[in-house]
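Dear colleague,

Please read them with the coordinates open.

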Amino acid sequence: MPTHPCHPPTAIVRMADAGDLYTSWRWTHDSHPGGVGVAPAAQVDAALAALARALPDLTDPEGLHHALTAGGFSAYESEHDLAQLLSRTFLPFGLAQQLHELLTRGVRPHLRLQPSPRVAQVPWELIAPDAGLRLVDIADVSLLAPLSIVHSPGRPVRTWTHTRQLPVVAVLDPRVPGFRADSELGSVLGRMAADSPLSQRVATYAGEGRLLPEVDGPTDCFRREDVDREWLGAALREGAGRLMYVGHVTAAAPESGQSEHAELHLACAADSVGFAEPTRAHRPLSAKDLLLGTHTLTAEPIRGAELWPIPSRVALIACESGGDLRFSEALGLVSAMIAGGAELVTASRWALPTDLAFQRIAGTAAHACPLQDAICSIDAAHELPDAVGALCDWQRERVAAWRDERTIEHSPVLWAAFATVSTH
């Protein structure tokens, strides 16, 4: 099957909640008929409840342990059953028929999805339209950026074509003031070795003169105390091709209705200027900061897009960094990145287990580093012209490894969390 034809058939799939879940789709250039599917509310509720039971719940002290050892994602058979349930519920029959017809012709289409907030955590790539077959096996999948953000007046646009040679701004596991390495806002990656996969990627960028911050050795890029909002703004204003963030995000609760309160935890001290409330010695950088800048906070306010000009491509590797998609008005971190100029943002739908969690809770080998491997794969895909296709290729490889090995380090509890939101 050709992986990425020059102009693959593309379907725009939109979902709307009205008690029942309505899914409509249309094919660009009218290559196929469009259609509408309806999933009954009770069926949707049951499927979402089954998914929620499988996800890591960091509000429960035993939530991560359950997800890695007993939940739906902990074993291939239970995960496959869940994937089939999700497919029966959320993939309209008419669209499934069209995808099967394309599959028989050896054509892999691109599905651009706009889920409703209620179903924003569904891992569409993973759903199984047939036994042993996943949606990502037969289609490239990405999420549509909110049109209200994409078409907002004055939104800057930075294209990968014109900025790909610019530096990679890397904020990797920053030290959060007031929090020890083993605390809730402590280290995500642990002690990094110079020969680790991610250190080697950092070293490559440094050797090419494409890395900010400038470092003497690759491990100097991790656990830094100086990568605060002022540093980030200065680095982005110098000109950047990409932003890679690995660390902590505090997602706003969907019931709050305040997606703009999602927070990035940089090395910002409590006296930093911003909208978020300080925690101990630290003030997080919120989506509201990125959107509004210093509006109402300083005598001469500066717009967020001027303080932090967001590059074309952004990776937010953190727990529920894509959580704003669960809001009816998405103004969280993903939307803030797009409003600031990004074309493409890869973020997480749910909480991410660390490599240490895999080792200590699930008993993986000491050399296994699923999270670090995922970061490297996402980073590598963001370097390629067709980032969406490359990310789907990676997830197809992950599906195959999970299908063949069926061990926890290959579980989609980690890699299926990542979704890519694009503007085109």
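A residue is called buried here if its relative accessible area is under 20%, exposed if over 50%, and partly exposed in between, with a 1.4 Å probe and protein chains only. Helices (H or I, at least four residues) and strands (E, at least two) are DSSP runs, numbered from the N terminus. The model is a predicted one, in which local features need pLDDT of at least 70 and side-chain atom pairs count only at pLDDT 80 or more, while totals for chains, interfaces and linings use all residues. Residues are numbered from 1 along each chain as its sequence is written, and side-chain values use heavy atoms, with hydrogens and water left out.

Strand E4 (residues 110-114) has 4 of its 5 residues buried, so it is largely enclosed by the rest of the structure. Two strands count as paired if DSSP finds at least two bridges between them; E4 runs parallel to strand E1 (residues 10-18), to which 5 bridges join it, and is also parallel to strand E5 (residues 140-144), with 4 bridges.

An open sheet of 3 strands has the order E9-E10-E11, with antiparallel pairing. Strand E9 (249-250) and strand E11 (285-286) are at its edges and have a single partner strand each, so one side of each lacks a neighbour in the sheet. Between strand E10 (residues 263-264) and E11 there are 2 bridges, and Glu-263 stands opposite Ser-286 in E11.

Turning to the helices, H1 (residues 41-54) and H3 (residues 76-90) pack at an angle of about 150°, their axes 10 Å apart, where axes are lines fitted to C-alpha atoms, for helices over the stretch in contact, and angles run from 0 to 180 degrees between N-to-C directions. H1 and H3 are therefore roughly antiparallel, a term used for angles over 145 degrees. Their contact (heavy atoms within 4.5 Å) includes Leu-48 and Leu-51 of H1 and Leu-85 and Phe-90 of H3.

Helix H14 (residues 370-382) and helix H15 (residues 387-405) also pack at about 150°, with axes 8 Å apart, which makes H14 roughly antiparallel to H15. Among the residues in this contact are Ile-378 and His-382 of H14 and Leu-391 and Trp-394 of H15.

Best regards

Key:
Parallel < 35°, antiparallel > 145°, perpendicular 65-115°, else oblique.
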